[in-house]
Amino acid sequence: MTTVTISGGDKLQEFLKKIKTQSKETLNVGFLTPDIAKIAIKNEFGGVFPIDDEYRARAKAKGINLGIFIEIPPRPFMQQTINNNSDKWGKVIAKLLSQDLSLNKTLNGLGQVITNNITETIEEGDFTANSARTIKIKGTATPLVDTGNMAKSVNWEVV
């Protein structure tokens, strides 16, 4: 799990202190279902993976016979999201706090913003292009958006 440090003014510091000392609430943002989380991890870090039956069938239907493994290049959409947006998240918290919202509502508001940022990065981020073979199988040159399930599955929860 990645921890993001957010800096800001006095209201933000009060908020962070309150979370650490008075609240057991935690904001989780990302892929909350294990099946999509596994796909997201493979894409974030890349690697060599066994080819599943569904992908093999899709390839075969397009006249492509695959081996046992497939290499997926790293496409660090989570890291890009953090790098491109974490400075803004402190301002979001400060704005929410200025509305005198409860801690729960503040965390939910922040969760919505971060979820939108992750989805935007998945759909528009700068990543290694799909290979010609992958384009033929999936029908798209754009990585990470084959079915749209990953982008649609980004969510948050306050626990």
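**Surface and overall make-up**

I started with the accessible surface of the protein chain, which comes to about 10000 Å², and 52% of that belongs to carbon and sulfur atoms. Such areas come from the Shrake-Rupley method with a 1.4 Å probe, and for residues only the protein chains shown count as cover. I noted that this is a predicted model, where local features need pLDDT of at least 70, side-chain atom pairs count only at pLDDT 80 or more, and totals for chains, interfaces and linings use all residues. Residues are numbered from 1 along each chain as its sequence is written, and side-chain values use heavy atoms, with hydrogens and water left out.

Next I looked up the burial figure: 35% of the 159 residues of the protein chain count as buried. Buried means under 20% relative accessible area, exposed over 50%, and partly exposed in between (1.4 Å probe, protein chains only).

I then went through the secondary structure and found 7 helices and 4 strands. Both are DSSP runs numbered from the N terminus: helices are H or I with at least four residues, strands are E with at least two. From the N terminus on, the order reads α-β-α-β-α-β-α-α-α-α-β.

For contacts (heavy atoms within 4.5 Å), I took pairs of residues at least 6 apart in sequence, and 72% of these contacts join residues at least 24 apart.

**Strand β2**

I picked phenylalanine 49, which is found in strand β2. Is phenylalanine 49 buried or exposed? It counts as buried because its relative accessibility is 17%. Leaving out residues up to four places away in sequence, I found phenylalanine 49 touching Lys42, Ile68, Phe69, Ile70 and Ile72. I also checked its C-alpha against that of glutamate 71: they are 6.4 Å apart in space and 22 residues apart in sequence.

**Helix α3**

At the start of α3, I saw a side-chain oxygen of aspartate 52 reach to within 3.3 Å of the backbone nitrogen of glutamate 54. Alanine 61 also has its place in α3, and with a relative accessible area of 68% it is exposed. After α3 comes glycine 63, with a positive phi near 80°.

Threonine 134 lies in helix α6, which covers residues 132-138. I put threonine 134 down as buried because its relative accessibility is 12%. Beyond its neighbours within four places in sequence, threonine 134 is in contact with Tyr55 and Gly139.

In the loop between α6 and α7 I stopped at leucine 144. Leucine 144 is not a glycine, yet its phi is positive, about 75°. Most residues other than glycine have a negative phi. Leucine 144 counts as buried, at 12% relative accessibility.

**The second largest pocket**

Last, I looked at the second largest pocket. A pocket is an open set of points on a 1 Å grid over the protein atoms alone, where a 1.4 Å probe fits, with protein on both sides within 12 Å along at least five of seven lines; lining residues have an atom within 4 Å of a point. I counted 31 lining residues on record for this pocket, and Ile39, Asn43, Tyr55, Lys138 and Asp146 lie nearest its centre. Which element gives the largest share of the lining? That is α2, with 5 residues. Elements that each supply at least two lining residues include β2, α3 and α6.

How values were computed:
A polar contact is a pair of N or O atoms within 3.5 Å; within protein, one must be able to donate a hydrogen and the other to accept it, and residues adjacent in sequence count only if both atoms are side-chain atoms.
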